[in-house]
Amino acid sequence: MTENGRSRRKELIRWVALFGVTAAMLAAMLYLFYRYPGKGIGPQQPIYFSHRVHAGVKEIDCRFCHPFVERSRKAGIPEMEKCFFCHKYVIPDHPQIVREREHYETRNPVPWVRIYYVPDFVKFMHQPHIRWAGLDCSECHGPVEAMDRLRPVEFQMEFCINCHRQRDAQIDCWLACHH
Ligand code: HEC
Ligand code: HEC
Ligand code: HEC
Ligand code: HEC
């Protein structure tokens, strides 16, 4: 074989190998994505707020920022004022805090990207789950205190039903859960 032919063959093998590796990586990524939806990193938020820093490292209680879980359908996203309860004094010149302050001073709410969903026709209320059943946030939301960016999850009906079965909560009357 000529010198030229050999190097062309090497080139070809290199391309085939590269293609093979890329295809294998894509397949692995797809597998992981479907096997573990909701893993992977969450969407970038308008302010780089981290649950790992606040609820994890600094151990701030979930209810300090989401105070309505026991009293209402909704847990509630903290108002801008609440950030300055601490950030008036803590790292007030951090670029992300400066941006948060701009939102606050111009009364322009931070457009947080929504993370957890139930479909529109489902009626979910935090109150009975927290106040009466005494469930921990992590049972449904996972280890939030270990995440920088929360990862989107759309809860499916089987998620509700599986737990209701295990804990003898109602499963017969879906009227209670559907609009
Ligand atoms: C210092 C305030 C603060 C603390 C403490 C805190 N959060 Fe949050 N939480 C936020 C903010 C701000 C958002 C909106 C931005 C985001 O989604 O990351 C949020 C969003 C969320 C969401 C998603 C809301 C959605 O869009 O669906 C969940 C679930 C949540 N928090 C649960 C928790 C849990 C569980 C804890 C305790 C382990 C906790 N949070 C502690 C401020 C806080
Ligand atoms: C109860 C006190 C408290 C509240 C309320 C609070 N934070 Fe913080 N935050 C902290 C502390 C403490 C730190 C760590 C500061 C440091 O690293 O020196 C921090 C760090 C941060 C940082 C820097 C994160 C990093 O990666 O280092 C950002 C951005 C931030 N907070 C945004 C917010 C926003 C937005 C809110 C309101 C939704 C908020 N914080 C509410 C106490 C608080
Ligand atoms: C039984 C499961 C379950 C438990 C336990 C639970 N959540 Fe939720 N959470 C949900 C579901 C489902 C949604 C989406 C609701 C919707 O789309 O209306 C949600 C949405 C949220 C949201 C965003 C919207 C809102 O309601 O304001 C926050 C914040 C939140 N949860 C915080 C918490 C915190 C903090 C705790 C613990 C004190 C907790 N959750 C415990 C199931 C749960
Ligand atoms: C981790 C377990 C768990 C999950 C997940 C869960 N639930 Fe529940 N749920 C319970 C328990 C336990 C009760 C019973 C509370 C009580 O003592 O009345 C309950 C009660 C309820 C009730 C009845 C409240 C009342 O007035 O009696 C409704 C409605 C409900 N859940 C809807 C849902 C929906 C919708 C979902 C899914 C988005 C869901 N639940 C997910 C554990 C769970």
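Relative accessible area, computed with a 1.4 Å probe on protein chains only, classes a residue as buried under 20%, exposed over 50% and partly exposed in between. The model is predicted, so that local features need pLDDT of at least 70 and side-chain atom pairs count only at pLDDT 80 or more, while totals for chains, interfaces and linings use all residues. Residues are numbered from 1 along each chain as its sequence is written, ligands are numbered from 1 in the order in which they are written, and side-chain values use heavy atoms, with hydrogens and water left out.

The iron atom of ligand 1 is coordinated through NE2 of His 51 and NE2 of His 66, at 2.0 to 2.1 Å, where donors are N, O and S atoms within 2.8 Å of the metal (3.2 Å for Na, K and Ca). Because the 6 donor atoms subtend angles of 88 to 179° at this iron atom, the arrangement is octahedral, a class that requires opposite donors over 155 degrees apart and all others between 65 and 115. His 51 lies in helix H2 (residues 51–57) and His 66 in the loop between helix H3 (62–65) and helix H4 (80–87), so the pair ties together parts 15 residues apart in sequence; helices are DSSP runs (H or I) of at least four residues, numbered from the N terminus. His 51 is buried, at a relative accessible area of 17%, whereas His 66 is partly exposed, at 23%.

Ligand 4 is surrounded by 18 residues, each with a heavy atom within 4 Å of the ligand. Helix H8 gives the most to this shell, with 4 residues.

How values were computed. Tetrahedral: all angles 85-135°; square planar, octahedral: opposite > 155°, others 65-115°. Helix = DSSP H or I, 4+ residues; strand = E, 2+ residues; numbered from the N terminus.
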